[in-house]
Amino acid sequence: HPDAMELCFLVSGSQAYTVQGKAYPIRGGEMFLTYPNEEHQGATPFQERCRLYYMIVDTTHNRSGFLGFPGGECAGLACELEGIASRVFFAGERVQSLFEDCFAHAAALTAEPAHALERASLRAGLLFLLQAIVRQSRNGTPAYSPPIAGVLAYFEEHLDERVLLRDAAQHT
């Protein structure tokens, strides 16, 4: 996405994305992000059933009016988003709730007539959501390494079966 970040929050299920040839598996409760101008794609030819929220945020242009706030009040937030060190991290229920709130405000904007208060509510919701994402990225909860994520996905796929250690080891 030119000059924009993509922020993906996986509510449930599992997905994997590829950026610069490296696969990033994510599971429910985790956030995955790409930085401006990065090519990325799903790591598999098909997507598993999941529940996912995502948004594309222009963090490059009009930083002085980021999210519609005047006078550069939120310009630092755009910089903080681009400065998130971990591409995958646990984001949790608070981020999910804030995504849901933002989508509810956006849906209210499609009603006739759209009120200025709804637009302001959406901007405020986006501000809270993006701040929460930055905070969660700093939480220190490490994402699983690809080998551990692989074996966890294998366990999840075989919950109702007896899993042998050697079979699990093959998925690390």
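Modeller: Start with two terms. A residue is buried if its relative accessible area is under 20%. A salt bridge needs a side-chain nitrogen of Lys or Arg within 4 Å of a carboxyl oxygen of Asp or Glu. Keep in mind that this is a predicted model.

Colleague: How do you know that Glu-6 has no salt bridge?

Modeller: Look for the nearest side chain of opposite charge. That is Arg-87, and it is 9.6 Å away. The limit is 4 Å. So Glu-6 is buried without a salt bridge. Glu-6 sits in strand E1, residues 4-12.

Colleague: What makes the pairing of Glu-6 and His-1 a polar contact?

Modeller: Their side chains come to 2.7 Å. The cut-off for such a pair of N or O atoms is 3.5 Å. The side chains of Glu-6 and His-40 also make a polar contact, at 2.6 Å.

Colleague: Which residues does Glu-6 contact, apart from its neighbours within four places in sequence?

Modeller: His-1 and His-40 are on the list.

Colleague: Why is Gly-125 called buried?

Modeller: Its relative accessibility is 9%. The limit is under 20%. So Gly-125 counts as buried. Gly-125 lies in helix H3, residues 116-137.

Colleague: What makes strand E2 mostly covered?

Modeller: Count its residues, 14-19: six of six are buried. Side chains in a regular strand alternate between the two faces of the sheet. In E2 both faces are covered. Ser-14, Ala-16 and Thr-18 are buried on one side, and Gln-15, Tyr-17 and Val-19 on the other.

Colleague: How do you know that E2 and E3 pair?

Modeller: Pairing takes at least two bridges. E2 and E3, residues 22-27, have six, in the antiparallel sense. One example is Tyr-17, whose bridge partner in E3 is Tyr-24. Two residues lie between the strands of this hairpin, where Gln-20 takes a positive phi near 50°.

Colleague: What makes E5 a partner of E2?

Modeller: Three bridges join E2 to E5, residues 40-42. At least two are needed, so they pair. The two run antiparallel. Val-19 stands opposite His-40, and Thr-18 stands opposite Gln-41. Recall that His-40 also makes a polar contact with Glu-6.

Colleague: Why are E3 and E5 said to stand at the edges?

Modeller: The open sheet has three strands in the order E3-E2-E5, with antiparallel pairing. E3 and E5 each have a single partner strand, so one side of each has no neighbour in the sheet. Neighbouring strands here are turned by 30° against each other on average, direction ignored.

Colleague: How many helices and strands does the protein have?

Modeller: Five helices and seven strands. Along the sequence, the pattern is β-β-β-β-β-β-α-β-α-α-α-α. The C-alpha trace spans about 60 × 30 × 30 Å along its principal axes.

Colleague: What share of the protein is buried?

Modeller: Of its 172 residues, 37% are buried. As for contacts between residues at least 6 apart in sequence, 68% join residues at least 24 apart.

Note on methods
Residues are numbered from 1 along each chain as its sequence is written. This is a predicted model: local features need pLDDT of at least 70, side-chain atom pairs count only at pLDDT 80 or more; totals for chains, interfaces and linings use all residues. Side-chain values use heavy atoms; hydrogens and water are left out. Buried means under 20% relative accessible area, exposed over 50%, partly exposed in between (1.4 Å probe, protein chains only). Helices (H or I, at least four residues) and strands (E, at least two) are DSSP runs, numbered from the N terminus. Axes are lines fitted to C-alpha atoms, for helices over the stretch in contact, and angles run from 0 to 180 degrees between N-to-C directions. Lys and Arg count as positive and Asp and Glu as negative; His and the chain ends are not counted. A polar contact is a pair of N or O atoms within 3.5 Å; within protein, one must be able to donate a hydrogen and the other to accept it, and residues adjacent in sequence count only if both atoms are side-chain atoms. Contact means heavy atoms within 4.5 Å.
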